[in-house]
Amino acid sequence: MTGSSLFDEKLIALLMCGGAAGILTAYAVRVALLGRTATARLETVRGTVLLGRYPIEAFHWAARAFGRVLSRTGVTPDFLTYLSLGLTLFTVPFAAVGRFEAAGAVLILGSSFDALDGIVARELGQTSDAGEVLDSVLDRYSDAFALAGLGLFYRESAASLTIVMLALLGSMMVSYVRAKTDKFGISLPSTLMRRPERIAYLAGALLLGPTLSDWILPDYPNYPITLATLGLVAVVANASAVQLLARARAELRGRSLIRRS
């Protein structure tokens with residue numbers, strides 16, 4: 001990587017982190033003056049030890065403000081959903097060639113438009129089951145793109161590739177277990193590594209992992225901090241999927257016992 005391109009990559013990471021810090025600061029001012037936001041959308045969303053409630057509120061607050069503006073432009077929710085998918089697709093080539101900061105930037109942009117599609121749909125009164133299904137399915141593709149690119153980058157190391165594949169598997173299974181149990185009317189508890197957390201940690205691994213690796217572990221190749229963060233995602237996501245599966249099976253067994261009695 002040339003000096004110029006290295007500067008560009010670090011600048012991308014700096015700008016994205018600065019933007020995130022700006023949103024958190026602006027929301028802090030808003031809370032101090034007017035109090036915290038309360039929306040029906042966030043009523044069921046709880047913070048966890050890995051991603052607190054405050055940043056979730058802050059970024060939803062910023063997205064809702066921008067979504068209101070977008071809703072007046074005539075843009076459709078489905079367009080934003082497809083735009084999100086198209087942007088996150090670029091994480092594959094960027095991550096595969098080691099341009100992690102660029103991959104992190106397009107992941108954040110794509111995820112932002114994914115949040116905006118629902119906001120715009122509600123603003124326009126265009127929420128629908130068809131739109132929700134489209135959004136959910138394309139989210140799974142978007143989740144996989146960055147990890148697929150990372151898998152290509154780490155393909156020459158069996159151990160590193162295994163970590164990436166486990167992160168991908170865990171990410172898919174947390175969402176799959178929830179979707180599969182919805183048909184039975186089971187309300188599963190909030191767990192770690194739901195989609196906002198996965199996006200936050202994956203984006204952090206891409207944007208900050210290379211710089212932190214250079215600072216903390218300069219003698220180790222291939223960005224070990226990024227890989228360690230992916231390991232965290234892999235372990236926690238798969239553990240959460242197993243926890244949700246056990247909870248769902250226990251409830252279904254309880255229902256069977258009640259019907260038999």
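The legends below accompany close-up views of a predicted model.

**View 1. Helix α8 against helix α5.** In this predicted model, the axes of helix α5 (residues 100-124) and helix α8 (residues 195-207) come within 7 Å and cross at roughly 155°. The two helices are therefore roughly antiparallel to each other, since an angle over 145 degrees is counted that way. The crossing in which α5 passes α8 is left-handed. On the α5 side the contact is made by Phe100, Glu101, Ala103, Gly104, Ala105, Leu107, Ile108, Ser111 and Asp114, while α8 contributes Arg195, Ile199, Leu202, Ala203, Leu206 and Leu207.

**View 2. Helix α8 against helix α6.** Helix α6 (residues 129-153) packs with α8 at an angle of about 25°, and their axes are 12 Å apart. That angle makes α6 roughly parallel to α8. The crossing of α6 and α8 is left-handed. From α6, the residues Asp139, Arg140, Ser142, Asp143, Ala146, Leu147 and Leu150 meet Arg195, Arg198, Ile199, Leu202 and Leu206 of α8. The residues of the contact of α6 with α8 comprise six nonpolar, one polar and five charged.

View 3. Arginine 195 is found in helix α8, where it is buried, with a relative accessible area of 16%. Not counting residues up to four places away in sequence, arginine 195 touches Asp114, Asp139, Arg140, Ser142 and Asp143. Isoleucine 199 is likewise a residue of helix α8, and it counts as buried because its relative accessibility is 13%, where the cut-off is under 20%. With residues up to four places away in sequence again left out, isoleucine 199 touches Leu107, Ser111 and Asp143. For a reference distance across the model, the C-alpha atoms of isoleucine 199 and threonine 39 are separated by 22 Å, and these residues are 160 residues apart along the chain.

**View 4. Helix α6 against helix α7.** The axes of α6 and α7 come within 9 Å and cross at roughly 175°. That crossing angle makes α6 roughly antiparallel to α7. Arg140, Asp143, Ala144, Leu147, Leu150 and Gly151 form the α6 side of the contact, and they meet Leu161, Val164, Met165, Ala167, Leu168, Ser171, Met172 and Ser175 in α7. The residues of the contact of α6 with α7 divide into nine nonpolar, three polar and two charged.

**View 5. Aspartate 135 in helix α6.** Aspartate 135 is found in helix α6, and with a relative accessible area of 18% aspartate 135 is buried. Once its neighbours within four places in sequence are set aside, aspartate 135 is in contact with Thr81, Asp114 and Asp117.

**View 6. Two loop residues with positive phi.** Most residues other than glycine have a negative phi. Methionine 193, in the loop between α7 (158-182) and α8, has a phi near 60°, which is a positive value in a residue other than glycine. At 0% relative accessibility, methionine 193 counts as buried. Asparagine 222 lies in the loop between α9 (209-216) and α10 (224-260), and its phi is near 60°, again a positive value in a residue other than glycine. Asparagine 222 is partly exposed, with a relative accessible area of 45%.

**View 7. Helix α2 and its buried residues.** Helix α2 (residues 53-71) has 19 residues and reaches 26 Å from its first C-alpha to its last, which is close to the 27 Å expected at 1.5 Å a residue. Its buried residues are Ile56, Glu57, Ala58, His60, Ala63, Arg64, Gly67, Leu70 and Ser71, and the charged residues Glu57 and Arg64 are among them.

**View 8. Alanine 21 in helix α1.** Alanine 21 is found in helix α1 (residues 3-34), and it is partly exposed, with a relative accessible area of 38%. Alanine 21 and glutamate 9 are 12 residues apart in sequence, and their C-alpha atoms are 18 Å apart in space.

Technical notes
Residues are numbered from 1 along each chain as its sequence is written. This is a predicted model: local features need pLDDT of at least 70, side-chain atom pairs count only at pLDDT 80 or more; totals for chains, interfaces and linings use all residues. Side-chain values use heavy atoms; hydrogens and water are left out. Axes are lines fitted to C-alpha atoms, for helices over the stretch in contact, and angles run from 0 to 180 degrees between N-to-C directions. Helices (H or I, at least four residues) and strands (E, at least two) are DSSP runs, numbered from the N terminus. Angles under 35 degrees count as roughly parallel, over 145 as roughly antiparallel, 65 to 115 as roughly perpendicular and the rest as oblique. A crossing is left-handed if the near helix is turned anticlockwise from the far one by less than a right angle, and right-handed if clockwise. Contact means heavy atoms within 4.5 Å. The expected span of a helix is 1.5 Å times one less than its number of residues. Buried means under 20% relative accessible area, exposed over 50%, partly exposed in between (1.4 Å probe, protein chains only).
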